Amino acid sequence: MKKIYFLIGPIVFIVIWELVYLSQIINNFFLPSPQEVFLSLITLFSSLSIFLDLGITAQRVFISLTLAIIIGFPIGLLLGYYEKVYASLEVLIDFFRSIPPIALFPLFVLILGIGDSSKIGAAIFAATLLIIFNTAKGIINTKKTRILAAKLMGATKKQIFGKILLWESLPQTIIGLRTAASFSLVVIVATEMFIGTYAGLGRRIIDFQYIYNVSGMYAVILITGLFGFALNFVFIWLEKRYVHWYGK
Amino acid sequence: MHFHIQMKDLEKRYGPEKIIDNITTNIAKNTITAIVGPNGCGKTTLLNILSGLDNNYGGDYTIKSPDSNSMSYIFQNYRDSLLPWRTNYKNITLPLEIQGYSKKEIADKVEEMKNLGLEFDPNQYSYNLSGGQQQMLAFTRAVINNPKLLFIDEPFSALDYENNLKLRDHLQKYYLKYKPTIVMITHNLEEAVHLANNIIVLSKKPTRIAKIIENQAPYPRNLDYLKSDEFNKVKSQVFSAFQDTVIKT
């Protein structure tokens with residue numbers, strides 16, 4: 001019984017959507033019926049080209065997230081370990097974290113050109129700062145008793161780092177990764193709507209908007225949402241599998 | 001008599017406030033010493049100084065063989081000191097791992113603990129254990145490397161009475177087998193009298209030693225001991241000292 005609860009929300013959502021459509025509170029041109037959007041989904045998937053868009057967007061998100069982890073995770077660990085260094089950089093990190101990455105996209109285009117590099121660069125920028133911040137916070141918030149206990153056991157700094165701090169940082173790091181993955185997707189899809197791309201979910205959404213294929217546009221938005229949902233699900237799974245102690 | 005710890009004029013201040021004032025005493029080797037005193041009088045601070053966790057103090061103290069292999073500490077917030085990402089087995093063997101014991105030596109030590117009745121599901125995690133079991137796990141981890149000196153901060157405070165008595169029993173078994181020097185803080189006079197050879201009663205802040213009471217009852221002190229006249233006599237002495245220095249002042 002419990003297993004079907006997750007279906008209730010989406011079903012209610014579709015019913016409300018249908019009711020709003022039927023009542024015509026919103027012009028039907030701007031809000032097509034769920035059936036129309038569903039038919040557009042089938043058309044999109046049967047044409048196969050949507051798989052290219054999905055694949056390209058996924059590839060860009062994957063590359064930016066991987067590079068963000070490679071850059072952000074070690075920096076976050078170091079900043080968390082050397083609290084004074086983190087304290088001296090905290091204002092800068094918070095400042096850059098507060099800049100909407102899309103606002104920096106023109107700068108990235110200027111430096112990296114209009115190809116994939118600028119899109120991935122903007123996503124790396126957004127994701128890296130989140131990973132640095134969360135990893136560092138994970139280390140800084142380590143329970144002091146654990147460090148004291150390890151010190152009394154005669155642990156070296158390296159042992160304290162490897163056996164305590166690294167593990168303590170994991171729950172917060174995973175939270176950072178989840179947020180970073182969502183942010184990467186947001187930035188990639190948004191930048192795909194601008195210039196310099198031949199494929200991608202963002203490109204497809206904006207193309208459908210230009211030609212007033214509204215149900216197609218909703219269908220691609222749905223696919224984008226489902227992709228983001230799946231991405232989030234992967235991190236929830238990782239959290240349950242590898243950070244099993246979190247919240248217990 | 002061989003002393004394990006010698007304290008001379010120990011003093012601790014937090015800013016202008018003097019927390020510990022002129023503590024001079026000795027703790028004999030292979031004995032259990034309980035430190036009792038009112039809340040906030042600096043019992044944990046004293047233990048932190050003696051264990052080397054707090055180096056900002058006045059006066060002096062010496063510990064014979066003060067290396068980490070010979071000293072262990074059980075924290076009051078034992079739950080926080082356990083590592084939830086490690087299985088119970090990996091938790092209790094952490095000190096041995098840190099000190100570079102081989103897998104065979106580690107397995108032997110775990111077996112030794114099992115023989116003392118300190119046994120856990122090795123593949124479970126500490127967050128699946130009850131409070132009493134977690135405290136027992138923290139205790140096992142603290143004693144697995146057979147420390148010569150064991151500091152314990154309010155070991156039984158979070159336990160129900162049944163688990164409290166069980167842990168006292170384990171502590172005595174361990175003490176009788178390995179004869180370490182144990183210094184424990186407690187606010188429970190019954191625990192202090194049940195377990196200790198010497199009970200140090202501390203005063204209110206600025207904390208001084210109000211009285212040291214000796215308890216010569218032989219070990220093991222079973223539950224019948226708690227009903228004996230001998231127990232009540234010592235407990236009454238401790239209570240009087242506590243009353244004189246804490247309640248009346």
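Let's start with the secondary structure of chain A: there are 10 helices and zero strands. If you walk along the sequence, the pattern you read is simply α-α-α-α-α-α-α-α-α-α. Please keep in mind that we are looking at a predicted model.

Now, how is chain A divided up? The domain assignment gives two pieces, with domain 1 covering 1–31 and domain 2 covering 38–242. Have a look at where they sit: the C-alpha centres of domain 1 and domain 2 of chain A are 30 Å apart. For the overall dimensions, picture a box of roughly 70 × 55 × 30 Å along the principal axes, filled by the C-alpha atoms of chain A.

What share of chain A counts as buried? Of its 248 residues, the figure is 44%. And here is something about the contacts inside chain A.

Let's move on to the place where the two chains meet. On one side we have 23 residues of chain B, and they are in contact with 18 residues of chain A. You will often see the size of an interface given as the accessible area lost when the parts come together. Here, chain B and chain A bury about 1900 Å² between them, and 71% of that is on carbon and sulfur atoms.

The rule finds one salt bridge across it, and you can find it on screen between A:Lys163 and B:Glu97. The closest N and O atoms of that pair are 2.7 Å apart.

The biggest contributor is α4(B), which gives four residues, the most to the side touching chain A. Sorted by type, the residues on this side of chain B are 13 nonpolar, five polar and five charged.

To finish, remember the two pictures: chain A with its 10 helices and zero strands, and an interface holding one salt bridge.

Terms used. Residues are numbered from 1 along each chain as its sequence is written. Chains are lettered from A and ligands numbered from 1 in the order in which they are written. This is a predicted model: local features need pLDDT of at least 70, side-chain atom pairs count only at pLDDT 80 or more; totals for chains, interfaces and linings use all residues. Side-chain values use heavy atoms; hydrogens and water are left out. Contact means heavy atoms within 4.5 Å. Buried area is the accessible area (1.4 Å probe) that two parts lose on being put together, summed over both. A salt bridge is a side-chain nitrogen of Lys or Arg within 4 Å of a carboxyl oxygen of Asp or Glu. Ala, Val, Leu, Ile, Met, Phe, Trp, Tyr, Cys and Pro count as nonpolar, Asp, Glu, Lys and Arg as charged, and the others, Gly among them, as polar. Domain bounds come from an automatic or database domain assignment. Buried means under 20% relative accessible area, exposed over 50%, partly exposed in between (1.4 Å probe, protein chains only).
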